[in-house]
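Please open the model and keep it in view. The points below are meant to be read alongside it.

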Amino acid sequence: MLFKKKLLSSDEEARLIKAIHDAEKKTSGEIRVHIEETCTGDTLEACKKMFTDLKMDQTKDRNGILFFLAVESRGFAVWGDEGIHKKVTDEFWHHLTDCAIGYFKKGDLISGLEKSVEMCGEKLQLYFPLEHDDKDELSNEISY
Ligand code: CA
Ligand code: CA
């Protein structure tokens with residue numbers, strides 16, 4: 001847990017969890033954020049692997065989205081499951097990543113992630129509106 005404290009303060013963590021919670025209020029889609037200290041090798045590959053490790057490929061509508069951030073090595077990637085990937089264009093992912101990296105460059109990791117979560121929430125809402133019997137299929141907690 002020492003490791004965790006170093007990467008995000010509890011306030012920062014609370015902001016992110018709130019962003020995920022708010023985004024998921026409008027959609028059946030599931031969003032998670034994973035934070036590492038460093039990532040060697042390809043960030044997108046690491047993100048994909050984490051997606052599976054977190055069992056994010058097991059949602060009912062295959063509409064999970066994972067944000068992967070390696071703080072020290074400045075790696076960032078997003079992986080959306082096939083349900084959502086089929087609906088959006090590559091531009092969406094590029095725009096999302098560019099927007100987040102814009103914030104990261106200013107040293108504002110949390111706003112970058114917060115904004116990305118919000119953008120994904122809006123997109124997910126279009127294709128996967130909230131259902132009356134919605135379950136929180138995946139925890140909103142940040143994973144480390
Ligand atoms: Ca849900
Ligand atoms: Ca969730």
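**Notes on a buried histidine and some aromatic rings**

1. Start with F76. Its relative accessible area is 12%. That is under 20%, so F76 counts as buried. Keep in mind that this is a predicted model.

2. Now take F67. Its relative accessible area is 0%. F67 is therefore buried, as the cut-off is under 20%.

3. How do the rings of F67 and F76 sit relative to each other? A pair of aromatic rings is described by the distance of the centres and the angle of the planes. Here the centres are 6.3 Å apart. The planes meet at 15°, so the pair is stacked.

4. The whole structure holds 3 aromatic pairs. F67 and F76 belong to one aromatic cluster together with F104.

5. Check a charge next. Which ring does the charged end of K106 sit over? It is the ring of Y103. The distance to the ring centre is 5.1 Å.

6. Turn to H34. This residue is part of strand β1, which covers residues 30-36. Is H34 buried or exposed? Its relative accessible area is 2%, so H34 is buried.

7. Follow the side chain of H34. One polar contact, of 2.8 Å, links it to the side chain of E36. Another, of 2.4 Å, links it to the side chain of S143.

8. Finish with the surroundings of H34. Setting aside neighbours within four places in sequence, H34 is in contact with M50, L66, F67, F68, L69, S143 and Y144. The list includes F67, the residue stacked with F76 in point 3.

Methods. Residues are numbered from 1 along each chain as its sequence is written. Chains are lettered from A and ligands numbered from 1 in the order in which they are written. This is a predicted model: local features need pLDDT of at least 70, side-chain atom pairs count only at pLDDT 80 or more; totals for chains, interfaces and linings use all residues. Side-chain values use heavy atoms; hydrogens and water are left out. Helices (H or I, at least four residues) and strands (E, at least two) are DSSP runs, numbered from the N terminus. Buried means under 20% relative accessible area, exposed over 50%, partly exposed in between (1.4 Å probe, protein chains only). A polar contact is a pair of N or O atoms within 3.5 Å; within protein, one must be able to donate a hydrogen and the other to accept it, and residues adjacent in sequence count only if both atoms are side-chain atoms. Contact means heavy atoms within 4.5 Å. Rings of Phe, Tyr and Trp (its six-membered ring) pair if their centres lie within 6.5 Å; planes under 30 degrees apart count as stacked, over 60 as edge-to-face and the rest as tilted. A charge sits over a ring if NZ of Lys or CZ of Arg is within 6 Å of the ring centre and within 35 degrees of the ring normal.
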